[in-house]
Structures are given as structure tokens and as C-alpha cells.
Amino acid sequence: MKHRSFSLVLTVLVLLVSACAPAATATEPPAATEAPATEAPAATEAPATEAPAATDAPATEPSAAACEGDYVLVPKNLGNPYFDTANNGAQEAAGELGITVLYQGSATADATEQITLLNSLIAQQPCGLAISANDADALVPTGQDAMAASIPIVTWDSAIAPDGRNIHINQAETAGIGAIQIQMASELAGEDGGQIAILSATSTAPNQNAWIEVMQEELAKPEYSNLELVEIVYGDDDDTKSYNEAQALFTKYPDLEVIIAPTTVGIAASARAVTDANLIDQVFVTGLGTPNQMREYVHSGASPQFALWNPGDLGYLAVYAMHTLATGQITAEAGQTFEAGRLGEYTVEEDADGGLSILLGTPFVFNADNIDDFDF
Ligand code: RAM
């Protein structure tokens with residue numbers, strides 16, 4: 001049902017863009033990248049990404065037509081270096097494609113604020129929207145409104161549920177992201193294990209909740225039976241709230257061994273809280289962070305290891321996918337392939353949530369041996 005309506009929308013879109021003046025869409029030759037997602041992962045046992053499957057379904061011939069307006073990259077909120085890095089990658093892709101990608105977000109990571117922003121963007125009829133969603137279900141009607149107006153909807157980082165998007169750009173497999181965090185926490189807790197807690201972003205964040213669900217499944221495995229998850233708390237991707245929540249955790253649980261923060265805001269705030277409380281070597285912090293925010297804590301021992309993908313590559317791929325949809329080069333069908341500049345070829349796949357997705361790569365573990373090789 002959904003795919004049929006996608007096809008309809010995209011057919012209309014192709015007709016519309018075909019009527020536009022042709023524009024050059026040639027991309028620059030692939031360039032080398034320092035992105036961890038495209039380097040051989042080291043020091044991690046995260047499941048390897050499957051090689052892109054061969055497909056008999058060739059992508060629709062490039063229409064060589066382009067929408068004349070702007071595209072928009074929408075993060076969960078502004079002021080987060082993770083999303084700023086994604087925007088850097090998005091701008092790199094925009095330069096290669098000869099398009100304009102605006103970067104607009106709400107002040108807080110809040111679904112209602114994000115919907116208000118999206119409604120005003122949709123009214124301006126952009127060429128495409130690439131969204132990191134603050135709520136999977138609440139944004140579905142908004143995504144549907146956009147698609148009904150022939151605006152392609154790509155989600156990235158955090159997905160709108162299938163009915164409200166064309167394609168989600170997934171940074172890494174959900175199972176792998178969840179598993180690597182429990183593995184890192186287990187290593188930090190040591191042989192005897194102990195108490196762990198999770199400090200997440202907002203309680204409605206689709207990506208956070210999917211990863212936490214995997215973490216809970218991992219914890220049920222026999223090899224992690226010595227780890228006790230004592231509480232899940234939410235810092236709302238706000239630095240101060242995250243810091244206070246971390247403090248409250250190690251005050252309430254004096255034997256706490258590890259805080260897992262699957263958010264770049266939460267992990268940096270937690271590591272700072274542990275450092276300020278002189279608890280280095282007593283409470284370890286791990287989860288998902290950016291190297292530049294976590295470098296000092298890796299070297300100090302507050303957070304000896306954490307994981308991430310390259311957010312710049314994620315933004316870059318999101319823009320290529322959005323543009324490829326907007327120009328009718330793909331029509332959001334599983335098996336279609338397209339070239340994403342220096343990152344190479346990607347395949348549209350069926351996602352575990354029943355929608356479509358494109359997988360960027362694998363999570364990468366940062367530690368004292370490699371952290372100084374990265375700058376983002
Ligand atoms: C924060 C956000 C984002 C998440 C990263 C790991 O920046 O919550 O959605 O993917 O952390």
C-alpha cells in the first residue's frame with residue numbers, strides 16, 4: 001500500500017522535475033576520506049556490514065533533471081556537534097551535486113517543535129527534506145503531508161516510521177549498535193561485572209529506544225548475567241540535564257560501575273560529571289560519542305572506550321539519497337542502487353521496521369590507541 005503511494009508520488013515528482021530545466025548533476029570523482037565508517041574497523045567486534053547485495057533491479061535511468069529550489073537537512077535540534085558534523089558532510093555533498101542544502105532545526109530535541117518547523121518548511125515546497133526524527137510516530141502525518149506535496153522524505157540518524165518516510169539512512173545496524181555498547185560496558189566492568197545504568201537522550205527518540213531495546217536483549221544473554229541494569233534515565237540531549245542525571249545516578253547507586261550513554265550529548269556530560277566528582281576508575285562512561293568531545297576523557301580514563309560512525313558521512317549520504325529521489329533516479333523500491341560520490345554505491349533495502357533503508361556502515365570503537373587519529 002505504502003509503496004504504491006510512494007510510486008504515485010514519485011511518478012508525479014518525476015513528471016514535475018522533468019518539466020524543470022535540466023541541470024548538471026555530475027558528481028566529483030570519489031575522494032579519499034578519513035571517515036571511520038569507510039576505514040577497516042579496528043578494535044571492534046561489531047558485526048561486519050554485509051556487502052551490498054547484487055541486484056537485478058537496475059535503478060531508474062537518471063533523469064538529468066533537477067528541482068530548482070533548496071533542500072533542507074533537519075537535525076533533532078541545533079547546537080549539537082554531532083549534527084553539526086553531519087551538516088558538514090551534507091554541505092560537501094551539496095557542493096558536489098551543485099545543489100543548496102539548508103540546515104534548519106528546533107532549539108530543543110522536541111517532536112512538537114520539530115513538527116512546527118517542518119510544517120513551515122513544507123509550505124515553502126523544498127526539493128527534499130532529510131530529517132533526524134524526535135518521534136517515530138508523531139512525525140508520520142507530517143512526513144505524509146510532505147510526500148503528498150511531492151517532497152521526498154529521507155530520514156537519517158533517527159527514523160520516522162515507514163508510513164511517514166520514503167527511505168531511512170541508517171548509520172549502522174541497530175543490533176550492532178546495541179551489542180557493541182553492552183560489550184564495551186562489560187569490558188569496563190571487568191570479570192566480576194556489577195551495576196550499570198543507561199543515560200539516554202529523550203524518551204521518545206526512535207533511535208535511542210531501538211538501541212536500548214537491543215541492549216536489554218543483550219543483557220539477557222548468559223555472558224552478561226553478571227551485569228545488572230539498575231536504571232534508565234533521560235538527559236534529553238541537553239548538556240546540563242544530562243550532567244545532573246549522571247550525578248544523580250552515581251549518588252543513588254554508590255556501587256555503579258558503568259554509565260552507558262548512547263548519545264553524544266549524554267556521554268560527554270556523564271564523563272564530565274564523573275571527572276568533576278573524582279570518580280575516574282570507579283565509574284566508567286561509555287556509549288556513543290564524538291572523538292573531539294571525548295578525547296580528554298579517553299586519555300584521563302573516565303571513558304576508556306566508546307563507539308560511533310562518522311556523522312559527516314551520514315549527512316553526506318543523506319543528501320545524495322534525497323537528491324537521487326528528488327531527481328527520479330530512484331523511486332524508493334528495495335533493490336535499487338545509486339552512487340553516493342566518494343562513498344560509492346548503495347542499495348535500498350527492506351528495513352526491519354517494514355520500511356526501506358540504506359545502511360551506511362558499521363560502528364567503530366574509539367580508544368586511547370586511535371582517538372588522536374580523528375578530528376570531528
Ligand atoms: C546524539 C543524538 C543522535 C545520536 C547520537 C549518537 O547526538 O541523540 O540522535 O545518533 O547522539
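Reader: What counts as a cavity here?
Author: On a 1 Å grid over the protein atoms alone, a cavity is a set of points where a 1.4 Å probe fits but cannot get out. This is a predicted model, where local features need pLDDT of at least 70 and side-chain atom pairs pLDDT 80 or more, while totals for chains, interfaces and linings use all residues. Residues are numbered from 1 along each chain as its sequence is written, and side-chain values use heavy atoms, without hydrogens or water.

Reader: How many cavities of 30 Å³ or more are there?
Author: The structure holds 2 of them. The largest cavity has a volume of about 120 Å³, counted as the space filled by probe spheres set on the points, which are joined across faces, edges and corners.

Reader: Which residues line the largest cavity?
Author: The lining has 16 residues, each with an atom within 4 Å of a point. Closest to the cavity's centre are Tyr82, Asp157, Gln208, Thr263 and Thr264.

Reader: Which helices supply the lining?
Author: α2, α6 and α8 (264-276) each supply at least two residues; helices are DSSP runs (H or I, at least four residues), numbered from the N terminus. α6 gives the most to this lining, with 3 residues.

Reader: Where does the ligand sit?
Author: The space taken by the ligand is the largest cavity, given that sitting in one takes more than half of a molecule's atoms within 2 Å of its grid points. α2 (81-97) and α6 (206-219) are the elements that give two or more residues to the shell around the ligand. α6 gives the most to that shell, with 3 residues.

Reader: Which residues are closest to the ligand?
Author: Lys76, Asn80, Asp157, Asp237 and Thr264, out of 15 that surround it (a heavy atom within 4 Å).

Reader: What polar atoms lie by the ligand's oxygen atoms?
Author: For polar contacts (N or O pairs within 3.5 Å), side-chain N or O atoms of Asp237 and of Thr264 each lie 2.6 Å from a ligand oxygen atom. For Asn207, a polar side-chain atom is 2.9 Å from a ligand oxygen atom. The protein covers 100% of the 290 Å² of accessible area that the ligand has on its own (Shrake-Rupley, 1.4 Å probe).

How values were computed. A polar contact is a pair of N or O atoms within 3.5 Å; within protein, one must be able to donate a hydrogen and the other to accept it, and residues adjacent in sequence count only if both atoms are side-chain atoms. On a 1 Å grid over the protein atoms alone, a cavity is a set of points where a 1.4 Å probe fits but cannot get out, and a pocket is an open set with protein on both sides within 12 Å along at least five of seven lines; lining residues have an atom within 4 Å of a point.
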